[in-house]
Amino acid sequence: MINITFPDNSIKSFENIPTGMDVANSISQGFARNCVAMEINGRLMDLSLPIKQDIAISFITVKDEEGLKILRHSSAHVMAEAVLNIYKDAKLTIGPVVEDGFYYDIDMAPVSKDDLGAIEAQMKKIIKEKNTFERKVVTKKEAQDIFRDNPFKLEIINELDDTLEISLYRNGKFIDLCRGPHIPHTGMIKGFKLLKISGAYWRADQTRKQLQRLYGISFFEKKALNKYIHLIEEAKKRDHRKLGTRLDLYSFHDEAAGMPFFHAKGIEVWNALLEYWREEHKAAGYVETKTPVMLNRKLWEQSGHWENYRENMYTSVIDDEEYAIKPMNCPGGMLLYKTKAYSYRDLPVRAGEVGLVHRHELSGALSGLFRVRAFHQDDAHIFMTPDQIGNEVLGVLELAQRIYSRFGLEFHLELSTRPKKSIGSDEQWKEATNGLKAALELYGREYLINEGDGAFYGPKIDIHIKDALGRTWQCGTVQLDMSLPERFDLTYKGRDNEKHRPIMIHRVIYGSLERFFGILVEHFAGRFPLWLAPVQAILLPINQDLAVHAEKIKAELETCKIRCEVDRKNETLKKKIRDAQLNYVPLIITIGDKEKQTNTLSVRTLDGKVKMGLSMQEFIGPVLNNIKERTLKDAIF
RNA sequence: GCCAAUGUAGCUCAGAUGGCAGAGCAGCUCACUCGUAAUGAGCAGGUCAACGGUUCGAAUCCGUUCAUUGGCUCCA
């Protein structure tokens, strides 16, 4: 008699030794069909395993996050089997589940995207066979014997802890070394797709063999796969590199790889972003500063960058002196601080700087505006007394919230603590980390903790925003720095008339203006809200004779600081409207004889709605209001 | 930097097997002067990324370089 306890504390008894599947079936067949694995004593196990003693179990089903991971892990096995069916002498290495699917690193000749179809076809066949995954426990010696032709698996086996049992999984003819667990049978993979191929080093070590990494994704439902594919396609449509070209915002040139060129229209958006940034920062008690782009090597030695960051820095020799283009703004900020003597009464000092920095990123890492070699940080350095940490960090979080919500972006927070390689005493780290924690508590929102993920000079809070497609991006960061004030011997006079060391934080909110711009393009799919739109209104004269009147109106709107253009092309109205719509101009104003005679405007918005007979005042008032409030609302009239 | 793919007109792309470089959009000209998502006709536009090689002949084949794209963190 076996007694099984379920999560709701109910108990069921079985005459004979049941498998996990038997137990699931005893609840209902429908439930069993949706079961993927079971959890016993915190360990995930196959449903096919017998339960030999009284124990508490809970089932992992297709609805659980864990279930999906197991499915994808099993999918990796199926993919590996498919690859082996086609490429007989391929050698498998590891095939884990990752955030967005799974991969398998395989030692084989390079394959191309065109080969994926054949592998997918093989996988389909295997899935159709509904093969079960059979688990077998072997000794280390047996495992070594089975994988004697595979140096990668041997290496893994040799490293395994002797106290662990070594398990193999067989589905069909395919056997792999694996911890498990797996789905009951391959038929549960209802939707899958192989996504991409890349090179990857064995154990991520450049000195070791380069393997082929095949990526795939899979789901329990075909529908979920379609949804995923749809998301990828939607993301593709919003690709800021494509939209940037089409909307004439920015471009990239071979002559300066990774360094974007902003066009006139792009700069309108850029300036609107910065104007808003300045407004918020002024209101939050910041001053704005500016430091040079190129500074002497001595400064970088003092700041520690020469030692820690040199391979990413652009350098040049001028008048026999070595200079480096700044990869960060902070050392310049240090010099600014040192230009005067500070009293505790002066603190906190909040000094912002929209600084242009250059970092020599690996050529393969470059990607549109998202990963560049030259960019502007909306940086600020805050110098303060130790007891101001909580308040100042809180202030940054609140400022960040105000700014992000302006764009309709949600966000979450992550706290990163001391990494292995770091400077400073335990005491300092404790104080700094507690300071950040205190601020987070004051702020009152949940946050994740990334143990050991801080900068070498201090702990930090990262702010991750979530765009309209649900993708997250790390933009803002608040970093406590325990190194630079020391290295530059920053001080302030305390109430006690003694010198004290200020605490310093670095923080950004947009992060990289370039990158944030790119994120916004994708977030809005190119349709900027009115306050950001490069061209806010376009005037379309119905015929050539009306162009003069259109220009007159344009001049009037421009005195109100509304960015506008006249489309003087010798085209039909239909055509001009189409062009304006495709360029996402929020306000499309047609100028015909009727409008000229009555001195009114006929306004079409991007949703295709038309409002006729508006007087200039009826138009300008609400428009300026919408711009001033920087609202995301399309509805203006 | 490493692996793979890609690079043809301002943009999007076609150009098996080597034999005079093409389309649509955009641009320019002309006609039309138009009322809410494409008027028509014509013209112009190219060192086929760069350099080198193979060949009677290269956008096409080979090599090098540059750039772009997807990866290179997730541990049986």
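The questions below walk through aromatic rings in this predicted model.

Q: How many aromatic pairs does the model have?
A: Two rings count as a pair if their centres lie within 6.5 Å. By this rule, the number of aromatic pairs is 23.

Q: What kind of aromatic pair do Tyr-337 and Phe-383 form?
A: Their centres are 4.5 Å apart, with 40 degrees between the planes. Stacked pairs need planes under 30 degrees apart and edge-to-face pairs need over 60, so the rest count as tilted. This pair is therefore tilted.

Q: How many residues apart in sequence are the parts that Tyr-337 and Phe-383 tie together?
A: Tyr-337 belongs to helix 12 (residues 330-337), while Phe-383 belongs to strand 22 (residues 374-384). The pair therefore ties together parts whose separation in sequence is 46 residues.

Q: Is Phe-383 buried or exposed?
A: Buried means under 20% relative accessible area. Phe-383 has 2% relative accessibility, so Phe-383 counts as buried.

Q: What kind of pair do the rings of Phe-456 and Tyr-457 make?
A: The ring centres are 5.1 Å apart and the planes meet at 80 degrees. Planes over 60 degrees apart count as edge-to-face. So the pair of Phe-456 and Tyr-457 is edge-to-face.

Q: Which arginine lies over the face of Tyr-103?
A: A charge can sit over a ring if CZ of Arg is within 6 Å of the ring centre. Over Tyr-103, at 3.7 Å from the ring centre, lies Arg-213.

Terms used:
Residues numbered from 1 in each chain as written. Chains lettered and ligands numbered in written order. Predicted model: local features only at pLDDT ≥ 70, side-chain atom pairs only at ≥ 80, totals over all residues. Heavy atoms only, no water. Phe/Tyr/Trp six-rings, centres within 6.5 Å; stacked < 30°, edge-to-face > 60°. Helix = DSSP H or I, 4+ residues; strand = E, 2+ residues; numbered from the N terminus. Buried < 20%, exposed > 50% of the residue type's maximum accessible area, 1.4 Å probe, protein only. Lys NZ or Arg CZ within 6 Å of the ring centre and 35° of its normal.
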